[in-house]
Amino acid sequence: MNTSNNMLLKVENLQVVYKARRETVYAVNGVSLSLKKGETLGLVGETGAGKTTTAYAILRVLPDRTAKVVNGTIEFEGKNLLEVPENLMRHGIRGEKIAIIFQDPMSALNPIMKVGDQIAEALKFHNKEELSPEKIEEQVDRTLELVGIQKERKYDFPHQLSGGMKQRVVIAIALVCEPVLIIADEPTTALDVTIQAQVLAMIDELREKLGTAMILITHDLGIVAQMCDNVAIMYAGEIIEIGSVEEIYSGKMQHPYTTGLFGSLPDLEKKTDRLYPIEGLMPDPTDLPTGCKFNPRCPRCMDICREVQPGFSVEGTHRVACHLYGGGTGRETDE
Amino acid sequence: MSEKKKPILVVNNLKKYFRTKKGLLHAVDDVSFTIDEGRTLGVVGESGCGKSTLGKTILRLTEPTGGEVFLEGEDIVSMNEKQLRKTRLKMQMIFQDPYSSIDPRMSVAQIISDPLKVNRLCGSRKEIDDRVDRMMDVVGLAPRLRDSYPHELDGGRRQRIGIARALALDPKFIICDEPVSALDVSIQAQIINILMDLKEEKGLTYIFITHDLSVVKHISDEIAVMYLGQCVEKASSDELFSQPLHPYTKALLAAIPVPNLSKRHARPTVIRGEVGNPIDPAPGCRFAPRCDFATEKCVGRNPELREVANGHFVACLLHNGEM
Amino acid sequence: MFMGKKSSRSMSPLQETIYRFSQNKVSLIGLAVVILLLLVIIFGEFVTPFENGVKQNIRIRLQGPSAEHWFGTDAYGRDIFTRVLHGTKYTMMIAFPATFIAEVIGIILGACAAFYSRWFDNILMRVLDVFQAIPGQLLALAVVAALGGSIFNLVIAMLIARIPASVRTARSIMISLVGQEYIDAARSYGSRDYHLIFRHVIPNSLGAMIVSMTINLSAITLQVSSMSYIGLGVSPPTPEWGALLSEAREFIITAPHMIIFPGIAILLTALSFNLVGDGLRDALDPRLRD
C-alpha cells in the first residue's frame, strides 16, 4: 500500500492566519498530513485547535477577507489545490471530488427547499455527464436510499425531518456526486447518542461500500476509536501526534496532551474517583508561547520545552512532537 | 456507606404538560423519586426526554401541572412566592449554557454577589466582597478576574462563575442541568472535579442532568433514565451499568463510542427509529415503537416502574413478570 | 474560535462600545454634527442674536448670501442664517422630548408586555394594532388639528405617532431577553420581578433602545419639519425649519437660497442622527458587520 499513486491528499507545512483589525490569529501553524485512497483520518482536537481551519483550507472555503494561507502546499491527485484557479475548484473539485459534511444539519440545509431538490441541485451543478432529468431523479432516489431515507421523503422540507434525518440528507448531498474524499466536520456532535450511533454506523458502511476516503474532524476519542484508521491530534494549530489508531491508543510514545485528553474522559469500565484534566486553557492564538505550544499546561514540562519547538520523534508511522522522546531532530520553524 | 439515610428531596408523581398547537405535550409525566442527603442522582436521556424540564419544574421555574415536591419535608408546589423565595436559598441550579446563563452586563464580582444582594443576606460591602473572593477561590477563578466581564472569558471560566453564583447562598441541594456539555473535554474534566470536590467538602446533594452517560456514571450514586417524559429505569450507578434491564437503557449504553480499541469495528446493536414526541401520548410503553422486544401487551397500558431487585426499578413488562 | 483573551485590561461592555464607536469615522462625524447642534442650541444667542432673525427690513429683502448675511435674507429682510440657527432650538425642543418620552414609555410597556401575563400583552398589542393601522403622520395631523399648533401640542402629536413603534421595538427586544437563561438563573436565586426587570432586562435592552432612539430622532425631525411645512406646526413668525421651507415656497425660483439652507440643515440633522445610530448599532454588536 506504499505506492505513491495510492496517495490521495498530501498537505505539507500548511500555515493559515486570520488578520483582524489589530491582531493576527495564528490558526494553523505548519500542518503536514497525508491520506491514501479509501482511508479514514481522524483529526482530533479541542475548540480553537485549528481542525476546521485546516479542513476549510483544503476545500479553499476560508473567508477571503480575513483568512490567508501563508505557506504550504495541498496536493490532491497530483495538483496543488492552492494554485488551482477558483473556477476549476468550483467545477470539478469542490463538491465533486471533495465534499464536506457540516456539523449543524439545521443550518446546512435550505429551509424553503424540498430536500430532494437540494440533493438534485448538487448533482445538476456538477452535471458533467449531462444526465437527463430522469437520470438525476433516479440518482437522487438511489442516494436517499443509500443514507437510509425512503425516497418518498424527498418531497419533504427540512423542518419536517428529525435531526438525524436532516444529517442523513446532508450526507446524501455530499455523496451524490460520488466524491473520492469526504471531510466530515463533527458530523454527529449535534445528534443524540442513539441517533449518533445510527449515523456513524451508516457512514462506516457507506465508506466501505464506496471506498471513499474521509477526514473525520471530531473531539470525541470514542468516535475515533470506532471509525478511523489513522489519527492526527491537533493543538494550537499544530499536529502534535500522528499515527495509526493502534499507535495512538496503545503505542509506546504518547504526547502529554494526548495523555491529558484521555485522562479527561471518565472511564465507563472502571470506577474512578477523580479525572485527570489538563490544567489551564488553550493558549491565545494571537500570542502563542515559544517552544512547545503546550508547555504552559504540560505536567512534564522541561526547560528545553520553553525554548525549542520539538520536532517529530518517529517510530514506524507513529510521530510525536515532544522533547520527552528526543524530539530535537530539527523541525522547520517559521518564527 | 453506613451513613443514615435522610431524604432531602422527595418528588411524587410530578407532571408538567405544555399546551402546543398540536396537542398537550407531556414533557414530564408522572415522575417520582427520592434523594438522600449527600447523594447524587443522575438523570440521563436524549433531547426531548424532559430532563431539563424536570429540573426547572422541581425549582418551580416552570409551574408543575401536578404532583408534589418536598424539600426537607416542605411542599414546594403549594408554597406562595414568599415562602418559595426563602426555600430557594437552600436549592440552586447550575445551567447548561455558560454563554446565556450569566448576565453579560455584569462583572464577575457583580454576578456572584447578586444572589446575596437580592436576598439581603450580607450586611456590609466588605462582607459581600469577602464572600465573593471566597467563592471565586473555591471554584478556581483567579482574583484578578473580579472585574472582568463574561465576554472576556472562555466557556470553562464562565461555567465556574455560574457555579460560584449557585454556591454563594450556601445551598444544600443543587440541580446541575448539563453543566459540562457545552465545554471542551479537558475543561469538562476540570469542572466535574470541582463539582465532586464541593460535594465532598460541603456535603452537597446533586441532581445531575445530562445526556452523557460516561459523565453521569462518574459523578452519580444513582441514575434515573428518562424516555419521553417518563422514568423508565432507576438503579444505583454500578448496577445500572453492569445490569441494565430496560431495552432503552441497553441501547443507550451500547451507543456510547468507547475511547479504546476493544470494541473497534464491532458494530454495536443500533436501535432503529427516532425519538418521537410525547404529544397526547396513547397509554402504553413509549419506547415500544423502537423496541425489538415489544409485543401487543406493551400497547394500551403504561408499564409501572417496579422494583425488580434491591433498589433497581424498571418500567418494562419484560422484567415485571407480566410477560 | 478565539479564546484566552489578554486579560491585562478589562473593559466593561460600555467601554467596549465607546471604544468601537470611536473607531468608526463616519459615525464620529455624525456625532460631531449632533454635538454642534447642541452647542448651537445653547450658544446660538452669542453667535447671532435672535433679534436679527425677527427684525424686518423690507429694503434688504430676498438678498442672496453675502458677508453680512451668510445665508441671505428672506421676504421680510430677516437674516436667514439667524433663523436657521435658532430654528435648531425649536426643532430639537420637539424632537428630543418626544423621542425620549416615547422610548421611556416604550421600555416600560415593552417590559410589562414581555414580562407579565399573556392577556396584558394581548390587549396592548391589539391597541397598538389599532393605532398603527392609521398612518403616524395622519394621527399627528389630527392631534394638531384638534389641539392647535404649539410646541407642546406638537410634542404630544409626535408622541402619539411614535409610541406604538417604540413599544413594539422594546417589546421584541425584551421578549428575547426574558428568554435568556440568566433571567431563569436570577429567578432561581430569589430575585423579585422588579429585580429582574431593573437589574437585568432593562440594562441589557438599553443599547438596542438607544439605537432605536437615534433613528427615531431623525424621523421625528423630518416629521416635525414636514408638519410645519404644510402649516400645521409651529405658527409662522417662529423660525422652525419646516416653517422656513414653507415661507420659501413662493420664492423657490427667485430666491433659492431661502429653501436651500434650511433644507441642508434638516438633511444634515437627520443624516447625522442616522449615522450615530448606525455607528452605535455596529459598536454594540460587532458581529452584525460581517
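This is a predicted model: local features need pLDDT of at least 70, side-chain atom pairs count only at pLDDT 80 or more; totals for chains, interfaces and linings use all residues.
Colleague: Which residue does the side chain of B:K6 meet in a salt bridge?

Modeller: Side chains of opposite charge can pair when their charged atoms come close. Here the N to O distance is 3.1 Å, and a salt bridge needs the two atoms within 4 Å. The partner of B:K6 is B:E37.

Colleague: Which residue forms a salt bridge with B:K199?

Modeller: B:K199 is in helix α6 (residues 185-202) of chain B, and its partner is in the loop between α7 (213-219) and β9 (222-227), 22 residues apart. The closest N and O atoms are 3.2 Å apart, and the partner is B:D221.

Colleague: Moving to chain A, why does the salt bridge between A:E77 and A:K97 tie together separate parts of the chain?

Modeller: The closest N and O atoms of A:E77 and A:K97 are 3.2 Å apart. A:E77 lies in the loop between β4 (67-76) and β5 (79-80), and A:K97 in the loop between α2 (86-93) and β6 (98-101) of chain A. The pair therefore ties together parts whose separation in sequence is 20 residues.

Colleague: Are A:E77 and A:K97 buried, partly exposed or exposed?

Modeller: A:E77 has 33% relative accessibility, and A:K97 has 31%. The middle class runs between the 20% and 50% limits. A:E77 counts as partly exposed, and A:K97 too counts as partly exposed.

Colleague: Now the interfaces: how much area is buried between chain B and chain A?

Modeller: The contact takes 42 residues from chain B and 52 residues from chain A. Carbon and sulfur atoms account for 54% of the buried area, and that area is about 3900 Å².

Colleague: Which side chains meet in a salt bridge between chain B and chain A?

Modeller: Across this interface there is one salt bridge, alongside ten residue pairs in polar contact. The N to O distance of the salt bridge is 2.7 Å, and the side chains are those of B:D197 and A:R274.

Colleague: Which element gives the largest share of the side of chain B that touches chain A?

Modeller: The elements of chain B that give two or more residues to this side are α6, α7, α8 (237-242) and α9 (247-255). The largest share is nine residues, and it comes from α6(B).

Colleague: How much area is buried between chain B and chain C?

Modeller: Here 33 residues of chain B are in contact with 28 residues of chain C. Carbon and sulfur atoms give 50% of the buried area, which is about 2700 Å².

Colleague: Which residue forms a salt bridge with C:R199?

Modeller: Between chain B and chain C the count is two salt bridges. In the one formed by C:R199, the closest N and O atoms are 2.8 Å apart, and the partner is B:D114.

Colleague: Last one: how many disulfides are there over all chains?

Modeller: A disulfide needs two cysteine sulfur atoms within 2.5 Å. Take B:C176, which is buried at 0% relative accessibility: its closest cysteine sulfur, in B:C49, is 16 Å away and so too far for a bond. Over all chains, the search finds zero disulfides.

Definitions and conventions:
Residues are numbered from 1 along each chain as its sequence is written. Chains are lettered from A and ligands numbered from 1 in the order in which they are written. Side-chain values use heavy atoms; hydrogens and water are left out. Contact means heavy atoms within 4.5 Å. Buried area is the accessible area (1.4 Å probe) that two parts lose on being put together, summed over both. Helices (H or I, at least four residues) and strands (E, at least two) are DSSP runs, numbered from the N terminus. Buried means under 20% relative accessible area, exposed over 50%, partly exposed in between (1.4 Å probe, protein chains only). A polar contact is a pair of N or O atoms within 3.5 Å; within protein, one must be able to donate a hydrogen and the other to accept it, and residues adjacent in sequence count only if both atoms are side-chain atoms.
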